[in-house]
Amino acid sequence: MTLKRFFLAAAAIFVFLGLASSPAPAAVGCDLNDPDRDVPRLFPGATRYETLTLEIQKLGGDRLLGRIESRLRDKLRGLYETIDVPYTLYVIYRGEEKIGYIHGVTQKGRYGGIQIFLALDLDESIRTFYIQKISGPHAGRFRKPGFAEGFVSLSLADFERYEVATGQATGRVARIENPAPLAEQDFRFTLRGTKKNLILVNEFLKMSAQLAPKKGNASQ
Amino acid sequence: MSANGAALQARGLSKHYRRGSEEIAAVSDVTLRILKGEFVAITGPSGSGKTTLVHLLGCLDNPTAGELSLGDRPVFGGEGKRLSERRLTQIRRETFGYIFQNFYLLPTLSVFENLVLPLTFHRKQGARKDPMGLLKQLGLDHRRDHLPGMLSGGEMQRVAIARALVNAPDILLADEPTGNLDSKRSAEIVGILKSLSREAGVTVIMVTHNLELASEADRRFEMRDGMVL
Amino acid sequence: MMTKFQVACKNLMRKKTRSFLTLMGIALSAWVLVSLLGFNQGFEAALDRDIDNMGFQMMLMAKGCPYEAATMMLKGGTGLKYLPQSVAQDVLKEPEVEAITPMLMQTVFDPDKGENGGIAAYLGVDPASYGAMKTYLKFRQGGWFGQGDALEAVMGYEAAELEQREAGDLIFIPEKNLELRVVGVLERSGTQDDGTIFVPLRTLQRTFGRQGELTTIGIKVRKDADPGRIEEKLYELPDVQVVSLAQVKQTVMSLVSTAKALVLSIAIIAIVIAMVGVINTILMSVHERFQEIGILKTIGAMPGDIFQLIWMETLLLCAAGGMVGLGLSLILSRVTEWLVRSVLPFAPRGALVRIDLDLMLLSLGAISVIGLLSGLYPAWKAGRIRPLEAIRSEVGG
């Protein structure tokens, strides 16, 4: 390899990596890594989707934040659960008929961010539960199908009584088994993230008539 | 050629034009002498050459042939040598003031600004030190800040006269000065020209087709077919 | 008394709309000129800053396929080549070298990162020398790790954001089953460091069984030294290759210089168009004032006076237009910057459009010169008007 070729390679690297400007300095959201692949997998029957980007700050500001926190019975806190986080809501269609939604939140976990996606029917009940990312020695257990099945058909009504602060669960939520007893903290974080996800979708849908969706790609 | 008391002396002055293959004699072999402080009228029907003659006398154009002196200074010599526009302008601004039928005031300048405009380009020795005095004399001092568009025809011509006088010219050339005025205003203007000649000693040469107004002059030159009768 | 300048101003005010439109034409061209020149200046300065902010001017790596090195940096691939750490000491002995910082890059496969898993990369650094070279790195929370082999980590802004980590939180290295405590989260720097997880060098070496080994040595060259010389010397070391960032900058700048030439051409075209507009406006104005100009000559204006008058009108239009254009470019420089960033595929951090006093004076000067040139022909034409033609154009003989 000649020196010149190396310089060119290094130049390419530095140009694309080292000198690339940072993305816009706003909070980072939670998107599907590959929506064209993931949407049909999480929502069988989907033929296309539309993408909405929503922020608590823009939709209702502090009032909306207050409502969310009171429903969650916990504060949205820290460096990353801020009022300007962009949430991506995928609106799912079969042909021209709307059939449901997919929405993701990042929940702080013990070792890293836990990205929790819910595929919801039109009545906001869970059709599919999907953890796109999780860190830790027991991370794999949370991504096993058995765990995800425990969430199917649950809705906000079930999670309304789940106490995020103490981990006290009743009804169908109490029947969800912790797949990794040594990772109790991450189990509780997952349930909190799920409840937060459901509350956000519920609040966003109340305001969705005001927003014009962007077109997504047709999958399949 | 020398001149005693003559403001202007012309000999054999001619101006010919070529129109296609035809040669037209607009002015033909004119010889005249105008004394200082005289008020002279040049009359004649349309096409008689009176305006062309006045342009030659006023150094607005070069003659085809003939001589012209201003005071004792020769201007156009016998060899028909053409003077440049630059040279003509130099002569004009030292000697003449001009008034025209259409007044030609600058519409965006006020009366006072129009009056002093010649001083922007040239200040002759002996130029009026108080231009406002001129306006007062002509009864226009109350109009000093008005634009020409706000004045009557008579008032505009009076401003033009004041402008023509601001550099203290020896000779005032008036080309149909009453052409756009009614009879009352016309008489007023001619009266002003007459008093300039009588009282200020300015030589006035007026072109007009109005014989009644021409009768106010000290002398009258009648023109026909380019010649003075 | 009236000055020619006052007469010129009044003449321009005669047709306010036309003068205004011509002025705006010049202003827009001036805006384009100043913004583009400002971009030229700003981009180069921003690039310089970015390169300088790399901290080190050269990097030493183990000799190997450069494309593998590229892959390593992009994704963290397999087949990394290593440098013995002793090389760092050899490099430091060179008189041209001011400082060095040793680095070890290691990667693991994380099966729970995304649907099919992903690569997690860690950079082992010596915090004292790394921090000293990259002085722009500031902490949002906490600070560098203490001991050289502590089980600690510092996270770049974006890496921390993705993992929702704050100082005091834990991270986990898969495959090695190692917990590290986050002791610092960096502020956004706009460089590669934003996405990096830093670990003490010795900790990483020990964890991955790479004691005494490095992947890269960052080198800071003394200001007065000749980088070419030290490069040559470094090549004498066995099995190494040198990447000089000065070379990288040159490559990028040569790409940019083509763009610069294009940018200047556009600016010139804009100015020429404005010039044509000015000539047209003034010519029209001279034509309309044909009679009036002739009369000015009868009242004593020499051809040179008329020339000056018309020329002054042109200069006034251009100077006024130029000033408005300058004002626009200053007020709208953020807008111009946004436009440029949305179009450029890669842009350095910081202000891209830099308009300083020198540039403004230069541009105003250029526009004034253009004004003077534009006015030459109309002024000359006006100077040649003969009073007789002007008078005759209305009155019959």
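**Reading the model together**

Modeller: Gladly. Let's begin with burial: in α10(C), the residues C:Ile293, C:Gly294, C:Ile295, C:Leu296, C:Lys297 and C:Thr298 are buried. Please keep in mind that this is a predicted model.

Colleague: Which residue just after α10(C) takes a positive phi?

Modeller: That is C:Gly300, with a phi of about 125°.

Colleague: Now helix packing. How do I read α3 and α5 of chain B?

Modeller: Two packed helices are described by the angle between their axes and the distance between the axes. For helix α3 (residues 111–121) and helix α5 (residues 153–165) of chain B, the axes come within 7 Å and cross at roughly 30°. Because angles under 35 degrees count as roughly parallel, α3(B) is roughly parallel to α5(B). The crossing of α3(B) and α5(B) is right-handed.

Colleague: Which residues of α3(B) and α5(B) meet?

Modeller: From α3(B) come B:Val111, B:Asn114, B:Leu115, B:Leu117 and B:Pro118, and they meet B:Val159, B:Ala162 and B:Arg163 in α5(B). The residues of this contact of α3(B) with α5(B) divide into six nonpolar, one polar and one charged.

Colleague: On to sheets. What is the strand order in the four-stranded open sheet of chain B?

Modeller: Strands of a sheet pair through backbone hydrogen bonds, either parallel or antiparallel. The four strands of this open sheet in chain B follow the order β2-β1-β4-β5, and the pairing is antiparallel. At the edges are β2 (22–35) and β5 (73–76) of chain B, each pairing on one side only. From one strand to the next, the twist averages 25°. Within the sheet, strand β1 (residues 6–19) and strand β4 (residues 65–70) of chain B run antiparallel and are joined by five bridges. B:Gln9 stands opposite B:Ser69 in β4(B).

Colleague: How does the six-stranded sheet of chain B read?

Modeller: This open sheet has the order β6-β7-β8-β3-β9-β10 in chain B, and the pairing is mixed. β6 (96–100) and β10 (227–228) of chain B stand at the edges with a single partner strand each, so one side of each is left without a neighbour in the sheet. Strand β9 (residues 219–224) of chain B pairs with β10(B) in the antiparallel sense over two bridges. B:Arg224 has B:Met227 in β10(B) as its bridge partner.

Colleague: Which helices lie against the strands of that sheet?

Modeller: Helix α1 (residues 50–57) of chain B packs on the sheet and touches β3 (39–43), β7 (171–175), β8 and β9 of chain B. The direction of α1 makes about 150° with that of β8(B). Helix α6 (residues 183–200) of chain B lies across β3, β7 and β8 of chain B, running at about 155° to β8(B).

Colleague: Let's look at a residue in β8. Is B:Ile205 buried or exposed?

Modeller: B:Ile205, found in strand β8 (residues 203–207) of chain B, is buried, with 26 other C-beta atoms within 10 Å. Leaving aside neighbours within four places in sequence, B:Ile205 is in contact with B:Ile34, B:Val40, B:Ile42, B:Val54, B:Leu57, B:Ile171 and B:Leu173. B:Ile205 and B:Leu173 are 32 residues apart in sequence, yet 5.0 Å apart in space, C-alpha to C-alpha.

Colleague: Back to chain C. How many residues of β1(C) are buried?

Modeller: Four of the five residues in strand β1 (residues 58–62) of chain C are buried, so to read it simply, the strand is mostly covered. Its pairing with strand β12 (residues 240–244) of chain C is antiparallel, over five bridges, and C:Met58 has C:Ser244 in β12(C) as its bridge partner. β1(C) also pairs in the antiparallel sense with strand β11 (residues 216–221) of chain C, over four bridges, where the bridge partner of C:Met61 is C:Thr216.

Methods: Residues numbered from 1 in each chain as written. Chains lettered and ligands numbered in written order. Predicted model: local features only at pLDDT ≥ 70, side-chain atom pairs only at ≥ 80, totals over all residues. Axes fitted to C-alpha atoms, helices over the stretch in contact; angles between N-to-C directions. Parallel < 35°, antiparallel > 145°, perpendicular 65-115°, else oblique. Left-handed = near helix turned anticlockwise from the far one by under 90°. Contact = placed C-beta atoms within 7 Å. Nonpolar A, V, L, I, M, F, W, Y, C, P; charged D, E, K, R; others polar. Pairing = 2+ DSSP bridges. Buried ≥ 20, exposed ≤ 12 C-beta atoms within 10 Å, placed from the backbone.
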